[in-house]
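Here is a short note to read beside the model. Please keep the sequence and the 3D view open while going through the points.

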Amino acid sequence: MISISVMALVFGVVFLAELPDKTALAGLVLGTRYRASYVFAGVAAAFAVHVALAVAAGSVLTLLPDQILHALTGVLFLGGAAMLLMQKGGDEDEEIRKPENQGFWKVSGAGFMLILIAEFGDLTQIMTANLAARYDDPLSVGLGAVLALWAVAGLGILGGKALMKRVPLALITKIAALLMLALGVWSLYEAVAG
């Protein structure tokens, strides 16, 4: 059974954490050069692979005793909040190699490989594993995370620059960091109180 509240929470946290990430900019660059649907197909497939790996890792963490699990997830959330608050602006000038032609397999393959490599071990993948461990609801966490990542990719591909002009990236980053900080404090409280 899918928990809408867990899925919504995961969506919000992952969405906000991914917006300032380099992959949103990569999707924007690819989307301006190639057919958006081809780019999205590759990027979406790569994010699905990452979420599946993260949820599997988080599910393994649920085998730990509750107090240790809450302490570990609390520390990971606090670390994620610190990483978001300390990160510098993205490298918008990074070169992205252009596929030789603009066919579906070349373009979607380029998007898939770019995201697969760039996102491996990324903050949102670690957060997804952490959320899967915290809520012990792999389906709800997986759906929330993959939908959030797909939404960010879609925004990046279809018009991320317009969004970033209206909503300051620093504000998005601070909101994501505050959410992670709150989740970290709550998890540590549960570890101590439990």
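1. In which helix does His 50 lie? His 50 is part of helix H3. Bear in mind that the model is a predicted one.

2. Is His 50 buried or exposed? The relative accessible area of His 50 is 3%, and buried means under 20%, so His 50 counts as buried. Setting aside the neighbours within four places in sequence, the residues in contact with His 50 are Ile 115, Leu 116, Glu 119, Phe 120 and Gln 125.

3. The next point is helix packing. Two packed helices are described by the angle between their axes and the distance between the axes. Here the pair is helix H3, residues 36–61, and helix H5, residues 104–119. Their axes come within 7 Å and cross at roughly 35°. The crossing of H3 and H5 is right-handed.

4. Which residues make this contact? From H3 come Tyr 38, Val 39, Ala 41, Gly 42, Val 43, Ala 45, Ala 46, Phe 47, Val 49 and His 50. From H5 come Phe 104, Val 107, Ser 108, Gly 111, Phe 112, Ile 115, Leu 116 and Glu 119. By type, the residues of the contact of H3 with H5 are 13 nonpolar, 4 polar and 1 charged.

5. Now the empty space. Rolling a probe the size of a water molecule over the atoms shows where empty space is left. How many cavities of 30 Å³ or more does a search of the whole structure find? The search finds 1. The largest cavity has a volume of about 50 Å³.

6. The lining of the largest cavity consists of Phe 47, His 50, Val 51, Ala 54, Glu 119, Thr 124, Gln 125, Thr 128 and Leu 149. Two or more of these residues come from each of H3 and helix H6 (123–135). H3 gives the largest share, 4 residues. Sorted by type, the lining has 4 nonpolar residues, 4 polar and 1 charged.

7. Last, a point on the backbone. Most residues other than glycine have a negative phi. Asp 136 has a phi near 45°, which is positive in a residue other than glycine. Where is Asp 136 placed? Asp 136 sits in the loop between H6 and helix H7 (138–166). The relative accessibility of Asp 136 is 52%, and exposed means over 50%, so Asp 136 counts as exposed.

Methods
Residues numbered from 1 in each chain as written. Predicted model: local features only at pLDDT ≥ 70, side-chain atom pairs only at ≥ 80, totals over all residues. Heavy atoms only, no water. Axes fitted to C-alpha atoms, helices over the stretch in contact; angles between N-to-C directions. Left-handed = near helix turned anticlockwise from the far one by under 90°. Contact = heavy atoms within 4.5 Å. Nonpolar A, V, L, I, M, F, W, Y, C, P; charged D, E, K, R; others polar. 1 Å grid on protein atoms, 1.4 Å probe; cavity = no way out; pocket = protein on both sides within 12 Å on 5 of 7 lines; lining within 4 Å. Points joined across faces, edges and corners; volume = space filled by probe spheres on them. Buried < 20%, exposed > 50% of the residue type's maximum accessible area, 1.4 Å probe, protein only.
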